[in-house]
Amino acid sequence: MLDQFQPFIHDFIDNIVDVKADSNCGYQSITALLGMGEDSWSLVRNHLLKELGKWSDDYIKLFGGTDRFEELRM
């Protein structure tokens with residue numbers, strides 16, 4: 001899978017995890033790399049949603065407005 005990335009970035013890649021492709025694959029990648037197992041994706045998702053809620057004003061500024069913030073939150 002490393003050949004899917006440009007050669008200049010290879011030195012920065014520590015690990016590659018191949019997870020099943022579905023709407024939760026980003027979360028599954030994170031949990032697999034943290035050693036939590038792919039099935040723990042909902043835990044990471046919930047933590048990220050709490051983070052967004054706690055710092056919503058900052059994230060709204062970062063994302064450029066409420067519409068984009070809500071899109072990402074959903």
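How many aromatic pairs does the count come to? I took rings of Phe, Tyr and Trp (its six-membered ring) as paired if their centres lie within 6.5 Å, and by this rule the count comes to two.

Before going on, I noted that this is a predicted model, where local features need pLDDT of at least 70, side-chain atom pairs count only at pLDDT 80 or more, and totals for chains, interfaces and linings use all residues. Residues are numbered from 1 along each chain as its sequence is written, and side-chain values use heavy atoms, with hydrogens and water left out.

**Entry: the Y59 pair.** I looked up Y59 and F63, which are stacked (planes under 30 degrees apart; over 60 would be edge-to-face, the rest tilted). Their centres lie 5.7 Å apart, with 25 degrees between the planes. Why about one helical turn between them? Because Y59 and F63 are four residues apart in helix α3, residues 56–63. I also found F63 partly exposed, at 28% relative accessible area (buried is under 20%, exposed over 50%, partly exposed in between, with a 1.4 Å probe and protein chains only).

**Entry: the fold.** I found four helices and zero strands (DSSP runs: H or I of at least four residues for helices, E of at least two for strands, numbered from the N terminus).

**Entry: overall form.** I read a radius of gyration of 15 Å, whereas a compact globule of 74 residues would be near 11 Å (over C-alpha atoms; the rule is 2.2 Å times the number of residues to the power 0.38). The C-alpha atoms fill a box of roughly 40 × 30 × 20 Å along the principal axes. Of the 74 residues, 11% count as buried.
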